[in-house]
Amino acid sequence: MRLLAVEGAGEYYNSYHQLAKSWEPPPPHPPLPTLLPFLTAMDVVRFPTLSPAPQGSRDNDFGAAEEVRFGSGAPSRTMRGRRAEDVSMKDRRRRDGAGGGKISRSPSSFYFRLAAFFLCCALFSAVALSTFRLFGVSSRPVLLPTWRNPAMNAVSGEHHLSRRNFRSTHSLSSTADLRIEEAISFPDHVLLFLKPQSITPLTDLRCNYFVSRSTEPHLSLPVISSSAHGSFVRCPIPPGTDAFNISLSLTPLPQLPPVLPHHSDHLAYAAVLDPVDNSTIVFAKGHNLRPARLSNPSSFECIFGWDFSHPKYSLSSEVISAAQEIFRCRTPLSVLQRRRHLLHSNSPFVTVRFRGHGSAPLPSIARPEPLSFPPMPQKRHKRHLMCVCTMLHNQAKFLREWIIYHSRIGVERWFIYDNNSDDDLRQTVEWLSTEWKLMIGLHEWPWVKTQEAGFAHCALRARDSCKWVGFIDVDEFLYLPSTDIKLNRLLRNFSRSPWVAELRTACHSFGPSGRKAAPAEGVMIGYSCRVSPPERHKSIIRPEALNPSLINVVHHFHLKDGMKYVNLDARAMVINHYKYQVWEVFKEKFNRRVATYVADWQDEENVGSKDRAPGLGTKAVEPSDWANRFCEVNDTGLRNWVLKAFVDTDTGRLPW
């Protein structure tokens, strides 16, 4: 069967049908079936209506789809909305006809009907041709959505960006049809995305490296780690070469075809569909936009497609906002409709490029991921008063204390973004969720130095269920010094002021407090000496009040026009930031920073920044007096409260 979707052609076809029934063309005009031979070859022609029928109405001109069946056998018609016209046509036949109901003709009526007939045919053909869809959203008629039609154009250009097809044509086995879909090269590892998302034991996988055009690997190394769901594995960077192809082998199965990795600093790496305005938010590295500032969105355009090496088969759309690594675009209707009917894996890729002839789009592995469908009502009651977002790397050992404490003071949900951890993070989250009945979401976020983008992504995910969201690290603890102030009461008070969208909380930085080994009892009890003045602040925000650009720097966001922030009094709430811990813990900060616009501590850049340890420099060498540094005020307020609230009176133990 072949199926043709024609939008808005129902009326034209009805006119043609009635005319064909009422007119018997004299020779030499051909009979009706030979005028439209392509219709007789089709089994079904559907004519979707231009807009939904008014509620409660059944018989109207555009109230329902019309179906006409062609081919062998008796025709079957379902033609609603034209019954009144059919009856009136029969009445005219009776009045005007002579004997047997034949229609009396005159030269003027003949030429009028002939002209009308050819006009209907021309209109029918024009409408049929106009309904060709680039994406082929559906071979069945679909009512168009009532939301605003985004501006988009078929992309044209001469630049061809080769996109590799990573789908292997070699079947590994009937039970393990493993293939590499994407490969991304980072400074310290290579990320390989796999399909299907389940793999055999990690020890059996090996990373194979190819240089030049060699057909045999010149090096084979074991994988570093894999994601919890088996969706990707990490391979080491091969020594001595920057250009290589990479593959995987799984003994005793055949080796996967090698692929050329994308570079992580020149890539559209993630995308989400925002159901509030049906826009697509693209997270991309490579355009090097300045931190904390809006860029001119008209300088960019978003591109949707499956293969960017064929620009004429892609769609471009307007960029609404551009800031840092975050681009908000209008979503083509074709993409929205595919998203509503198909799985995420079938969605087109999306990327960003500078406007202008010959400008190359960024390579992309980003498919628009839905946040929620259908969109949540704006006035919907939110389930959680207070949620927390954080991003971490190999900090599972601190997670129990951090989550159990915050659950006691009023945090109800956690969004944890795992940035390439290879410790027991998942087991720790499962234990906390099961034993403490807590709502903890673990989201894999493998992109290096993308904390700002990750927090924007988290704010979007938390928007439907959380009234307030805090953005803090696992070494930062909210502390309410007064026993008369509770977190939920504080938040409810500010919730009554609709213009208050952000609560800024001062941070007190604690030092090693004379210790040379990490305290087994946890950081809140183990460290009690801090720097006197507060350093910076962290924020608790209303996610729906954020600026659409989602700009955020050092854990606070830009807000919508008319929204304000409030600096909380230190007597109401502060943050104890256990920043300068014992050296064995602190030196891990030299490995890598998660923030995009903060230099790594080993880089000779912004050496005097507050993000660095004063006087430490860029080398991970322990100063002789480290244990006694950063100790100006002995602050035991939170320590005393924890000992009173959490210590088991029978065992003397803390829950973490």
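**View 1. Packing of helix α7 against helix α13 in the predicted model.** Helix α7 (residues 399-409) packs against helix α13 (residues 637-646) at an angle of about 80 degrees, and their axes lie 12 Å apart. Axes are lines fitted to C-alpha atoms, for helices over the stretch in contact, and angles run from 0 to 180 degrees between N-to-C directions. The two helices α7 and α13 are therefore roughly perpendicular, a term for angles of 65 to 115 degrees. Helices (H or I, at least four residues) and strands (E, at least two) are DSSP runs, numbered from the N terminus. This is a predicted model, in which local features need pLDDT of at least 70, side-chain atom pairs count only at pLDDT 80 or more, and totals for chains, interfaces and linings use all residues. Residues are numbered from 1 along each chain as its sequence is written, and side-chain values use heavy atoms, with hydrogens and water left out.

**View 2. Residues between α7 and α13.** From α7, Ile404, Tyr405, Arg408 and Ile409 meet Leu638, Trp641, Val642, Ala645 and Phe646 of α13; contact means heavy atoms within 4.5 Å. Eight of the residues in this contact are nonpolar, none is polar and one is charged.

**View 3. An open sheet of three strands.** The strand order is β11-β10-β14, with antiparallel pairing; two strands pair if DSSP finds at least two bridges between them. Because β11 (219-222) and β14 (245-250) stand at the edges with a single partner strand each, one side of each has no neighbour in the sheet. The twist from one strand to the next averages 30 degrees.

**View 4. Pairing of β10 with β14.** Six bridges join strand β10 (residues 205-210) to β14 in the antiparallel sense. Leu205 stands opposite Leu250 in β14.

Note on methods:
Parallel < 35°, antiparallel > 145°, perpendicular 65-115°, else oblique. Nonpolar A, V, L, I, M, F, W, Y, C, P; charged D, E, K, R; others polar.
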